[in-house]
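Take a moment to look over the sequence and turn the model around. Then follow the text step by step.

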Amino acid sequence: MEISLIGSLITFQVTFTELFIAATVVASVTYKYGWKSAALGSVLGAIAIAVISFTLGSAASRMPIHILDWVSGILLFGFGVFLYYEFWSAHKKGEGAAVIDRGAPVADGAPAGLALAPERVLAKPVNWAGVSIAAWGMFAEGLEIMIVWLAITLKHGMATATLGVLIGIGVIGLVALVLAKFGVFEKIPPKYLDFVAGTMVTLYGIYFLYEAIIGTFAAS
């Protein structure tokens, strides 16, 4: 199946948005428990999502196209509404950018909130509480990515859906590098990314539902 640019764009946007949120959890775990705990937890969460995604994607490939349109449309539209709810809920609460727990000051008398010295972060052994938090953060946000990935897979194929996810992972990786210097995750409120992603996903869900209705009439 050919690569669909709009399908890849949808999975990219959602991947970036949800990993942006997951990265705040991973960053906090890194500062509090060390990079080893954050890395191990992130990998475990990602593996769990990958296994579930591949299993569902393979099983759904045998369904008739108009059924796939119905499932894709409902998944996308429902998730779009959920993202709008997340945006509205965060807006009502006045939520801003994430606050990352950077641990103790680097020296006595230093301002609160300064990042730990690199050697102190690197020296920390694996902490299973930190691993659990990072794994859950990655898994919880990954489930939301998986919903859209599955919807796009059903319509445009696994290659299209996966391409968008990989691009999203690459972009968020670059942004994460900038985080260490400029504090990007603490300057951009995730609720605005939820609103943008919600708009794209909802519109695409409506399109899939339209295709499902047309396909159902054609098949009957």
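At what angle do helix 1 and helix 5 pack, and how far apart are their axes? The angle is about 180°, and the axes lie 9 Å apart. That makes helix 1 roughly antiparallel to helix 5, because angles over 145 degrees count as roughly antiparallel. Helix 5 covers residues 128-156. Sort the residues of this contact by class and you get 17 nonpolar, six polar and three charged.

Now step back to the whole chain. Keep in mind that this is a predicted model. The chain has seven helices and zero strands. Read from the N terminus, the elements run α-α-α-α-α-α-α. There are 220 residues, and 43% of them are buried. The accessible surface comes to about 11,400 Å². Carbon and sulfur atoms own 74% of that surface.

Tyrosine 33 lies in helix 1. Is tyrosine 33 buried or exposed? Its relative accessible area is 17%, so tyrosine 33 counts as buried, the cut-off being under 20%. Now find lysine 124. In sequence, tyrosine 33 and lysine 124 are 91 residues apart. In space, their C-alpha atoms are 6.6 Å apart. Leave out residues up to four places away in sequence, and tyrosine 33 touches Lys124, Pro125, Asn127, Ala129, Gly130 and Ile133.

Helix 1 has another partner to look at. Helix 1 spans residues 5-33, and helix 7 spans residues 190-219. Their axes come within 10 Å and cross at roughly 155°. That makes helix 1 roughly antiparallel to helix 7. The crossing of these two helices is left-handed.

Which residues make this contact? On helix 1, they are Ile6, Gly7, Leu9, Ile10, Gln13, Val14, Phe16, Thr17, Glu18, Phe20 and Ile21. On helix 7, they are Pro190, Leu193, Asp194, Val196, Ala197, Met200, Val201 and Tyr204. By class, the contact of helix 1 with helix 7 divides into 14 nonpolar, three polar and two charged residues.

Technical notes. Residues are numbered from 1 along each chain as its sequence is written. This is a predicted model: local features need pLDDT of at least 70, side-chain atom pairs count only at pLDDT 80 or more; totals for chains, interfaces and linings use all residues. Side-chain values use heavy atoms; hydrogens and water are left out. Axes are lines fitted to C-alpha atoms, for helices over the stretch in contact, and angles run from 0 to 180 degrees between N-to-C directions. Helices (H or I, at least four residues) and strands (E, at least two) are DSSP runs, numbered from the N terminus. Angles under 35 degrees count as roughly parallel, over 145 as roughly antiparallel, 65 to 115 as roughly perpendicular and the rest as oblique. A crossing is left-handed if the near helix is turned anticlockwise from the far one by less than a right angle, and right-handed if clockwise. Contact means heavy atoms within 4.5 Å. Ala, Val, Leu, Ile, Met, Phe, Trp, Tyr, Cys and Pro count as nonpolar, Asp, Glu, Lys and Arg as charged, and the others, Gly among them, as polar. Buried means under 20% relative accessible area, exposed over 50%, partly exposed in between (1.4 Å probe, protein chains only). Accessible areas come from the Shrake-Rupley method with a 1.4 Å probe; for residues, only the protein chains shown count as cover.
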